[in-house]
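Here's a quick briefing on a few helices and some of the residues packed around them. Have the model open while you read.

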Amino acid sequence: MDPITAGIVGTFLLLVAIFLLRIPVAFAMALIGFGGFAYVLNWNAATGMLGTELWNVFSKYGLTVIPLFILMGQICFYSGVNERLYKSAYAWMGQIRGGIAMTTVLACAGFAAICGSNSATAATMSTVALPEMKKFRYSPILSTGAVAAGATLGVVIPPSVVLIIIGLQTSQSIAQLFVGGMVPGILLTLLFLGTIWYLCKKNPEWGPAGPKTTFAEKLRSLPGSIEMVILFILVMGGLFLGFFTPTEAGAAGAALALLISIISGKMSWKKFHLAVNDSLKISCMIMVIMLGAVIFGRFLAVTRLPFEAAGWVAGLPIPPMVIIMVICLIYVIGGMVMDALALLLVTIPIFFPVVTAMGYDPLWFGVLITVVTTLGAITPPVGVNTFIVASMAKDVPMTDVFKGVTYFVAAYVVCVAILMLFPGIVTFLPGLMQ
């Protein structure tokens, strides 16, 4: 068969291997990529490519940013930053109708700013927020939905592991991607708060108001969020002003997180060991997935499938924005059945040339697809956040959890529409960096 047909068949076999044979996505991409490369060229070329890419991937300095940011998030997790952050947000928002759910979303946004993972945010915030909302007789539909949806902010709000991966895959500035994701992350947070306000206005019994707090109590709660503020300013401020490279920002953030946790007395040797151990596991998983994606990407490159697809799509007699909408729809559907990170690594080599050929800003597209694929974390059948929250709320039926997150899908749709209509929301701040 000709190379382009081989690329199409290889992509189909990859989907079969992942979904039907249940082969881990990293190994599926590596095996099919290697086999396809050998078929299109020859065995010697494939083995040479494998050795070269093994060295290129694991010796790349840019990859050091991944374990450093993950370590920063794990240190904050094990030192209990999430609990102090929640108490601080609760003191300010808990007394209004639906306020505890809003508090949960704000705490998720704050924790996301120093964590970068939606699954970690879902697990940590579930332990704190769900018992509080149950105590104040919140509807299980609203409480579980708020936690699951709010936790998705961990991928959108920088520092984000997904944005790091996109930057490495597309040779873009990770610092600019981080800065470009700030406003969309804030926008999505506000849309979640608006969703909770609307639901509680329509169904007042879903989110009764909590006890009032005095202004003095509000002020006393502020130190609970000071660590997050300091870390966020250090990392994002340093990147924006050019004081740090992304790797240096991750190192500085991890060091400061460790220092704060030691000073506050919240970090024991056992917790530090767990934080390092989890960071190593997550980092190794991500790097192996990246290696598999690179090998599969090399296979697609020699078939010229991405470039032929880009030329074909660019020549279609339809508006480019319609093509972007179709790509977003593919990411939404793909996110329902596949992990967001794996989906991005498989599809970026195909869709990125298409988008750049149409003249769209690659930075804007990177942030846009991050928001779109994050929706998959709360949509069935592989809504990882939904399953994490359901496992923490054992007395809540899975159907109620999925019903709860469904109300927040509209916020995602509105956010994506705004980003499409006003791309400057993403590109304005990175433009100031230049």
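Let's start with helix H10: 9 of its 10 residues are buried, so H10 is largely enclosed by the rest of the structure. Buried here means under 20% relative accessible area, exposed means over 50%, and partly exposed is anything in between, with a 1.4 Å probe and protein chains only. Helices (H or I, at least four residues) and strands (E, at least two) are DSSP runs, numbered from the N terminus.

Before going on, remember that this is a predicted model: local features need pLDDT of at least 70, side-chain atom pairs count only at pLDDT 80 or more, and totals for chains, interfaces and linings use all residues. Residues are numbered from 1 along each chain as its sequence is written, and side-chain values use heavy atoms, with hydrogens and water left out.

**H10 and its end**

- The buried residues of H10 are Val161, Val162, Leu163, Ile164, Ile165, Ile166, Gly167, Leu168 and Thr170.
- Thr170 sits in H10, which covers residues 161–170, and Thr170 has a relative accessible area of 11%.
- The Thr170 side chain gets to the backbone oxygen of Ile166 at 2.6 Å, and also makes a polar contact with the side chain of Gln172 at 3.0 Å.
- A polar contact, by the way, is a pair of N or O atoms within 3.5 Å; within protein, one must be able to donate a hydrogen and the other to accept it, and residues adjacent in sequence count only if both atoms are side-chain atoms.
- Leaving out residues up to four places away in sequence, Thr170 touches Ile348 and Phe352, where contact means heavy atoms within 4.5 Å.
- What comes after H10? Ser171 follows H10, with a positive phi near 60 degrees.
- That positive phi belongs to a residue other than glycine.
- Ser171 lies in the loop between H10 and H11 and, at 71% relative accessibility, counts as exposed.
- Ser171 and Pro362 are 191 residues apart along the chain, and their C-alpha atoms are separated by 10.0 Å.

**How the helices pack**

- Two packed helices are described by the angle between their axes and the distance between the axes.
- Axes are lines fitted to C-alpha atoms, for helices over the stretch in contact, and angles run from 0 to 180 degrees between N-to-C directions.
- H10 packs against helix H11 (residues 174–202) at about 140 degrees, with the axes 9 Å apart.
- H10 and H11 are therefore oblique to each other; angles under 35 degrees count as roughly parallel, over 145 as roughly antiparallel, 65 to 115 as roughly perpendicular and the rest as oblique.
- H10 passes H11 in a right-handed crossing: a crossing is right-handed if the near helix is turned clockwise from the far one by less than a right angle, and left-handed if anticlockwise.
- On the H10 side, Leu163, Ile164, Ile166, Gly167 and Leu168 meet Ile174, Leu177 and Phe178 of H11.
- That contact of H10 with H11 has 7 nonpolar residues, 1 polar and no charged.
- For those classes, Ala, Val, Leu, Ile, Met, Phe, Trp, Tyr, Cys and Pro count as nonpolar, Asp, Glu, Lys and Arg as charged, and the others, Gly among them, as polar.
- Elsewhere, the axes of H2 (residues 25–40) and H3 (residues 43–58) come within 7 Å and cross at roughly 140 degrees, which makes H2 oblique to H3.
- Phe34, Phe37 and Ala38 of H2 make the contact with Trp43, Ala45, Ala46, Thr47, Met49 and Leu50 of H3.
- By class, the residues of the contact of H2 with H3 are 8 nonpolar, 1 polar and no charged.

- Ile70, in helix H4 (residues 65–78), is buried with a relative accessible area of 6%.
- Ile70 and Ser279 are 209 residues apart in sequence, yet 5.7 Å apart in space, C-alpha to C-alpha.
- Neighbours within four places aside, Ile70 is in contact with Val161, Ser279, Ile282, Ser283 and Ile286.
- Thr374 belongs to helix H19 (residues 362–374) and counts as buried at 2% relative accessibility.
- The side chain of Thr374 reaches the backbone oxygen of Thr370 at 2.4 Å.
- Not counting residues up to four places away in sequence, Thr374 touches Thr152, Val155, Val156 and Tyr412.
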